Amino acid sequence: MNQLKFDSYNFVQVGKVIAHTDKFLVENEIIFIMIGSTGQQQPFVSPVSGVVTKIYVHENDILSYGSLILEYQECSHAVIYKDLCAVCGKKVDKTLEPSNSMQKVTAIEPAFSCVKTTRERAIKYDSDERNLLLRRRKLHLLIDLDQTLVHTSNSPNHYPSSDDIISFYLDHPVAQTLYTKLRPGVKEFLANLQSYYVFHIVTFGDRPYADAIVKLIDPKGTFFSHRILSRDDSIS
Ligand SMILES: [Zn+2]
């Protein structure tokens, strides 16, 4: 536990206290309003960040050098997005990462492959997800794209002429126009099973292709939302 103490040699009176316990305090957030000897008011902003566990200052208290302001618990940086802590916003390099084995959450949320969290949090997330599914009486259903929901070719002459061939341009991994035919009844299939399953796309296609195809099948994100696992999303 860390303590924040008043470090000015001037006496000040405490006005309104803004900070709350159990709330995350970020640096430069106002803790309380200071009232000076001539009545002028100015905010006392936090030089630290963390979860406030106890507040010692009350309205009308007089503070002097060394007076306790609050106790706080420093951020454990338990959720990291790229190299930034998702809780406090600090840049977190390897040396600041919690020692208890950070892991990517790709396996549980493939769309968030840049997010890392502690093993404990990942396990809790996984169990919360499972309990939610049990309450909804649903199962996960992993669905492939190619030769399952769609067929795609890079040749305009692959299919006999038909108005249900959708062409689209992708510039990755090479710039090309692709021609996709949805499996007949694919949207009805998904709509009929949606009350029993949470769908995930699992494809060997790369991420831009997977995103483009899912947009064709599910433009509003009703069936798959962000649950797309492509070969670009490493599972570790
Ligand atoms: Zn943090």
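In what order do the strands of the open sheet of three strands lie, and is their pairing parallel or antiparallel?

Reply: The model is a predicted one, in which local features need pLDDT of at least 70 and side-chain atom pairs count only at pLDDT 80 or more, while totals for chains, interfaces and linings use all residues. Residues are numbered from 1 along each chain as its sequence is written, and side-chain values use heavy atoms, with hydrogens and water left out.

The open sheet of three strands has the order 13-17-18, and its pairing is parallel. Its edges are formed by strand 13 (139-143) and strand 18 (228-229), each of which pairs on one side only. Strands here are DSSP runs of E with at least two residues, and helices are runs of H or I with at least four, both numbered from the N terminus; two strands pair if DSSP finds at least two bridges between them. Strand 17, which covers residues 197-202, runs parallel to strand 18 and is joined to it by two bridges, and across this pair Ile201 stands opposite Ile228 of strand 18.

Helix 1 spans residues 119-136, and its 18 residues reach 26 Å from the first C-alpha to the last, close to the 26 Å expected at 1.5 Å a residue, where the expected span is 1.5 Å times one less than the number of residues. The helix is followed by Arg137, whose phi is positive, near 55 degrees.

Elsewhere the pairing is antiparallel, as in an open sheet of four strands with the order 1-8-6-3. Strand 1 (2-5) and strand 3 (24-25) each have a single partner strand there, so one side of each is left without a neighbour in the sheet. Strand 3 pairs with strand 6 (residues 50-55) in the antiparallel sense over two bridges, with Val51 of strand 6 as the bridge partner of Phe24. Strand 4 (residues 30-35) and strand 5 (residues 41-45) are likewise antiparallel, over five bridges, and Ile33 has Pro43 of strand 5 as its bridge partner. Five residues lie between the strands of this hairpin, in which Gly39 takes a positive phi near 90 degrees.

The chain also holds a zinc ion, coordinated at 2.2 to 2.4 Å by Cys75 (SG), His77 (ND1), Cys85 (SG) and Cys88 (SG); donors are N, O and S atoms within 2.8 Å of the metal (3.2 Å for Na, K and Ca), and sites may look incomplete since water is not among the atoms. The spacing of the donors along the chain is C-x1-H-x7-C-x2-C. Cys75 lies in the loop between strand 8 (68-73) and strand 9 (79-81), and Cys88 in the loop between strand 10 (84-85) and strand 11 (102-104), so the pair ties together parts that are 13 residues apart in sequence. Cys75 counts as buried at 15% relative accessibility, and Cys88 is buried with a relative accessible area of 15%, where buried means under 20%, exposed over 50% and partly exposed in between (1.4 Å probe, protein chains only).

For the protein chain, the secondary structure comes to three helices and 18 strands, and 36% of its 236 residues count as buried. Taken along the principal axes, its C-alpha atoms fill a box of roughly 85 × 40 × 35 Å.
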